[in-house]
Amino acid sequence: MAELTYREALNQALAEEMARDDSVFLLGEEVAEYDGAYKVSKGLLDQFGDKRVVDTPISELGFTGLGVGAAMVGLRPIVEFMTFNFSILALDQVINSAAKMLHMSNGQIGIPMVFRGPTGAALQLGAQHSQACESWYVHAPGIKLVTPATPSDAKGLLKAAIRDNDPVAVMEGELLYNVKGEVPDDDDFIVPLGVADRKRKGDDVSIITHGRMVHIALQAAGQLAKEGIEADVLDLRSLRPLDVEAILETVSRTHRAVYVEDGFPYVGIGSQIVSILMEEAFDDLDAPVLRVTQADIPMPYNKKLEAWTKPSAGRVVEACKRVLYVD
Amino acid sequence: MTEAKTAEQTATNGGPELDGFSRDQLLHVLREMLLYRRFEEKAEEGYAIGKIGGFCHLHIGQEATAAGCILPLRKDDYVITAYRDHTQAMAKGIPADAVMAELYGKATGSSGGMGGSMHIFGADVGFMGGHGIVGGQTGLALGMAWAIHYRGGDQVCMCFMGDAAVNQGGFHESMNMAAVWDLPVIYVVENNSYGMGTKFDRVSDTDMVTKAASHGVLASVVDGQDVIATLKAFDKIVTGVRAGEGPHFVDLQCYRFKGHSMSDPVAGTYRSKQEVDDRTENADPIKILRDRLFAAELLNQDELEAMDAEVRGVVAAADESAGAAPDPDPANLYDHVYSDINPNGRLFFDGRGR
């Protein structure tokens with residue numbers, strides 16, 4: 001184990017997997033000579049050369065198509081989006097090509113590739129650079145999606161994603177790159193897709209969440225503990241495949257749940273979780289499931305308004321108390 | 001599919017020849033084009049009586065583009081195209097039976113009934129699909145060409161598109177990157193003058209070659225109704241791209257005798273019946289090759305009729321076997337959404353009991 005930042009953990013995952021498998025290569029804007037817009041690919045150009053660490057023009061649709069096409073004939077591309085906001089330009093290749101190819105070709109052509117980069121709001125970047133893109137990806141059958149919250153999960157999930165034979169989006173937290181944590185240095189350390197992680201134990205209320213919101217949920221849980229309320233914090237880590245068993249397990253103990261996410265509420269990830277709880281845990285519930293999300297508006301620039309718009313520990317505390325029927 | 005020889009190679013063979021191609025080669029090309037024509041006529045018939053559904057885009061009139069571009073390729077070269085893909089699939093080596101069964105949506109189809117007319121796939125012969133979003137395949141072709149470059153191979157990737165695709169942003173992004181990295185990709189525009197019902201010059205102020213030139217990509221204009229001209233041009237283009245001269249763009253001028261798809265009229269508000277009749281009479285690629293072979297005395301009417309009867313037999317057999325084939329089993333519908341359908345966690349959320 002070593003203490004690494006989230007950024008360093010991702011970098012280590014990339015370097016280890018590129019060393020392990022010659023068919024893995026990284027492409028995207030500024031990934032090579034500039035070392036990555038967020039420095040995740042620092043040093044990789046020197047280590048692997050310009051055929052395997054490829055600076056592209058600012059052509060998201062085009063270079064994503066390149067990645068999917070290369071995967072069609074057996075390479076394992078990692079496409080870095082400077083942020084997932086920019087990947088909206090490339091969604092045709094993500095949804096219509098990558099997600100559908102295996103099915104549409106009746107199993108002849110798989111797409112073993114990774115889309116990665118930051119998602120979610122950062123600090124005062126305004127509407128176009130501050131949004132969570134999870135729903136848009138996870139909506140389409142054929143895509144997998146993981147959202148690491150810690151350095152250890154970042155390394156393990158990215159390595160699992162690179163080894164996976166399907167298209168996997170790895171959405172990193174834009175505000176998590178400097179977060180530090182213990183990370184296993186074993187080359188074969190992976191965190192399997194589809195396995196949630198209980199980040200805090202408690203039996204009073206379940207806070208279910210993913211990505212950067214895990215940290216907000218843990219802050220909220222800390223505040224609740226001061227009032228004698230013990231929250232279970234379940235980090236889904238993987239949104240598709242989804243660890244439904246873990247969701248049902250926590251709710252079977254607490255009977256109350258709050259979903260916390262960075263994204264918009266309408267058809268958000270929480271909508272799916274609420275639907276699953278309605279269908280499969282109705283009798284376990286003692287209160288309606290609530291969601292804490294970004295406000296249903298584009299992100300404003302003003303610092304105070306931005307803070308109001310984002311989900312916060314305070315709002316999570318409030319939602320937990322509502323499902324517990326306490327003031 | 002055959003390994004077409006270059007004109008120089010053929011000329012040394014000493015047998016009867018025309019424009020540098022041997023009689024056997026040209027008869028093979030004629031048979032291929034006749035097969036495509038009869039196949040598409042059968043598809044038209046099958047669509048009319050409801051045996052084929054969805055969108056169905058016929059290649060009638062454009063057979064020389066499939067034969068002339070694809071026959072010079074090797075089996076390990078890649079072809080990728082848009083949704084007017086039946087004949088190109090056959091040219092790359094997918095049997096007519098499997099293509100017809102796919103149009104019928106049957107389990108024996110080239111995509112097991114999952115793809116249909118617009119999504120014919122044959123990965124084993126390098127036919128990397130019919131794709132349904134205009135221009136989408138141009139990015140995928142870029143990636144396949146990248147993979148060839150990455151692995152140091154000498155294959156080429158041939159990417160077909162209609163003329164409307166050159167106004168898509170993704171096409172220009174792909175051309176730019178292909179040029180920057182000198183990738184072995186041939187972008188072939190089947191320029192039949194109409195993007196569905198919109199004449200090209202109504203939506204572009206430049207010609208095709210200017211667009212390619214702006215990216216620094218070598219470009220050629222080829223008569224796509226004359227299969228000998230197409231074969232000669234592509235022999236040279238494929239050889240150059242294979243040798244590493246970088247991407248090539250082709251404005252392959254052709255004409256579609258039928259509507260954009262089976263849902264559309266042959267002529268109408270966007271082009272006149274007179275225009276279609278004129279081109280059908282005077283620019284039919286099969287008639288053009290036939291007449292040249294007749295004139296060179298490399299083919300007579302009896303031989304042509306025998307060839308036609310033979311390909312009609314192939315098409316009839318394909319139609320019959322497609323009709324008799326089973327539908328795909330719904331139990332297998334989830335098998336290829338993901339490569340492993342039994343991972344940790346849940347992949348499907350439809351509550352249908354998986």
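Visitor: How far apart do the C-alpha centres of domain 1 and domain 2 of chain A lie?
Guide: They lie 26 Å apart. This is a predicted model: local features need pLDDT of at least 70, side-chain atom pairs count only at pLDDT 80 or more, and totals for chains, interfaces and linings use all residues. Residues are numbered from 1 along each chain as its sequence is written, with chains lettered from A and ligands numbered from 1 in written order.

Visitor: Where are the domain bounds?
Guide: Domain 1 is 2-183 and domain 2 is 197-324. Those bounds come from an automatic or database domain assignment.

Visitor: How many residues are in contact between these two domains of chain A?
Guide: 24 residues of domain 1 are in contact with 23 of domain 2. Contact means that C-beta atoms, placed from the backbone, lie within 7 Å.

Visitor: New topic. What about chain A and chain B?
Guide: There, 47 residues of chain A are in contact with 39 of chain B. On the chain A side, α3(A) gives the most, with 11 residues. Helices (H or I, at least four residues) and strands (E, at least two) are DSSP runs, numbered from the N terminus.

Visitor: Which residues touch B:M144, leaving aside neighbours within four places in sequence?
Guide: Among them are A:G69, A:A70, A:M72 and A:V73 from chain A.
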